[in-house]
Amino acid sequence: MPGPAMDLEPVEPQSLKKLSLKSQKRALDLFSPTHGRLPPTDPESKKIRISHKLNLEYGGIKSTNEPRRQVNSTTTATRNQPSGSSDVLALPGPEGSRDAEKAGAQHALVVGPSAQPKGLNNVGPSGKSSAIVSTSASSERNLSTSAIMERIPSKWPRPEWHAPWKCYRVISGHLGWVRSVAFDHSNTWFCTGSADRTIKIWDVAKGTLKLTLTGHIEQVRGLAVSSKHTYMFSAGDDKQVKCWDLEQNKVIRSYHGHLSGVYCLGLHPTIDILLTGGRDSVCRVWDIRTKMQIFALAGHDNTVCSVFTRPTDPQVVTGSHDSTIKFWDLRYGKTMLTLTHHKKSVRAMALHPTEDCFASASAENIKKFNLPKGEFVHNMLSQQKTIINSMAVNEEGVLATGGDNGSLWFWDWKSGHNFQQAQTIVQPGSLDSEAGIYALSYDVTGSRLVTCEADKTIKMWREDETATPETHPLNFKPPKDIRRF
């Protein structure tokens, strides 16, 4: 006869996950009382692993300044390496290091603690630097893989030394902001366009005024001088594009078609065509001789404020306030490529005179691109933190950028290093807020720089002839992490 039924305690329902965790905890408590700590490393296996890594790393080094020794064959694993035996670099130290050698040469590289306090770099045939670990018998330092990790040298190109630039001449003559500049290819004169609606032609050597041309009814925003004809081209906020004959000093052609102000102007180097961009978001291509519009390169969503041309594709490159740069196919009048790397308006671009690359500037950064594919190369290593209105580069690789706050920065083209930060000084009687640079250009030789400014002056700059690398040393630190976009 069965006994009386006993009242069992109700079992609390538990999830499968909770039960498995409980079981795991019980197993750890039973079989691993020290489960809170990592198990100690096996010294024998650690010695084998480090000796193997050292043999792989330093097996190719054939000549060193210090005597080479063979690692004591404590294990059979290091004997079976392709090089036959592992090499030891032993540098003499105090008695502690000798004791370490007597103890069985547990470490493949033994350096006396007083011989090289900061470690030593031995460069092998591959050019990689080798880290040597300093140990002694008394110090039980944990030799991990970071001790023999390869140190990668910076691949960033070191900048060339350039002499600093200084202002040597200030020309005043305009009655308004000076907005544009262009050099003649004979390098004897240059022209400037201003908000006083005039174009003035100046002597390069003396800085004296040679001629004043009137004809625009708004400020002159773009200038270009032809290398094949005696023509000069100007564009302004009055929607007009004019061709000036410098033998007669008068306008011989006007190009009508822009619906708003014209902000930039460029001449094709090999074909007789003219390119203008403006507030109507279109870059227009004109035939110089017939005054006909060949193409209206439409595609930008905002003002086209910078343009340059080159003999080979892409023959036309435009930058816009919509923060994009477009490459144009001049045969069909279509977009070849659109670069969207910038976040702000691309107000200035500069084509390198000898290399197939160009730089573009916006308020957040200056970027370098390759041509013809438009691959992004790198950002310049500093930020000017102002609106950059104009930029130019010469054959020596000096890039100059002029900002709205009067800052004129000089950069090394190859590395992107900013080696000089100049600040323009307003002429007496002007406000400090008028220290803005609207246009700048190198002369044909690249040895003189002309800046056009908001204080109605034109300033001429050249390199300081007395400067040397000793008086103005290069202060360059390669970037650790460079922003790619």
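Pro372 sits in the loop between β25 and β26, and the bond that joins Leu371 to Pro372 is a cis peptide bond with omega about 5°. This is a predicted model, in which local features need pLDDT of at least 70 and side-chain atom pairs count only at pLDDT 80 or more, while totals for chains, interfaces and linings use all residues. Residues are numbered from 1 along each chain as its sequence is written, and side-chain values use heavy atoms, with hydrogens and water left out.

**The chain as a whole**

- The secondary structure comes to 3 helices and 33 strands; helices (H or I, at least four residues) and strands (E, at least two) are DSSP runs, numbered from the N terminus.
- Of the 485 residues in the chain, 48% are buried; buried means under 20% relative accessible area, exposed over 50%, and partly exposed in between (1.4 Å probe, protein chains only).
- Among contacts between residues at least 6 apart in sequence, 47% join residues at least 24 apart, where a contact means heavy atoms within 4.5 Å.

- Strand β25 (residues 366-370) runs antiparallel to β26 and is joined to it by 3 bridges, and Lys368 stands opposite His378 in β26.

**A hairpin to look at**

- Strands β9 (residues 198-203) and β10 (residues 209-214) run antiparallel and are joined by 5 bridges.
- Thr198 has Thr214 in β10 as its bridge partner.
- This hairpin has 5 residues between the strands, and Gly207 takes a positive phi near 80° there.

- Arg253 lies in strand β14 (residues 250-255).
- Arg253 is buried yet has no salt bridge, and Asp287, the nearest side chain of opposite charge, is 7.7 Å away.
- For charge, Lys and Arg count as positive and Asp and Glu as negative, with His and the chain ends not counted; a salt bridge is a side-chain nitrogen of Lys or Arg within 4 Å of a carboxyl oxygen of Asp or Glu.
- A polar atom of the Arg253 side chain lies 3.5 Å from the backbone oxygen of Ile288, and one lies 3.3 Å from the backbone oxygen of Arg289.
- Not counting residues up to four places away in sequence, Arg253 touches several residues, including Tyr231, Val241, Cys243 and Lys291.

**Backbone spots worth a second look**

- Most residues other than glycine have a negative phi, and most peptide bonds are trans.
- Asn249, in the loop between β13 (241-245) and β14, has a positive phi near 60°.
- Asn249 counts as partly exposed because its relative accessibility is 35%.
- Ser323, in the loop between β20 and β21 (325-329), has a positive phi near 70°.
- Ser323 counts as buried because its relative accessibility is 15%.
- Pro314 is found in the loop between β19 (304-309) and β20 (316-320), and the peptide bond from Asp313 to Pro314 is cis, with omega near -10°.

Notes
A polar contact is a pair of N or O atoms within 3.5 Å; within protein, one must be able to donate a hydrogen and the other to accept it, and residues adjacent in sequence count only if both atoms are side-chain atoms. Two strands pair if DSSP finds at least two bridges between them.
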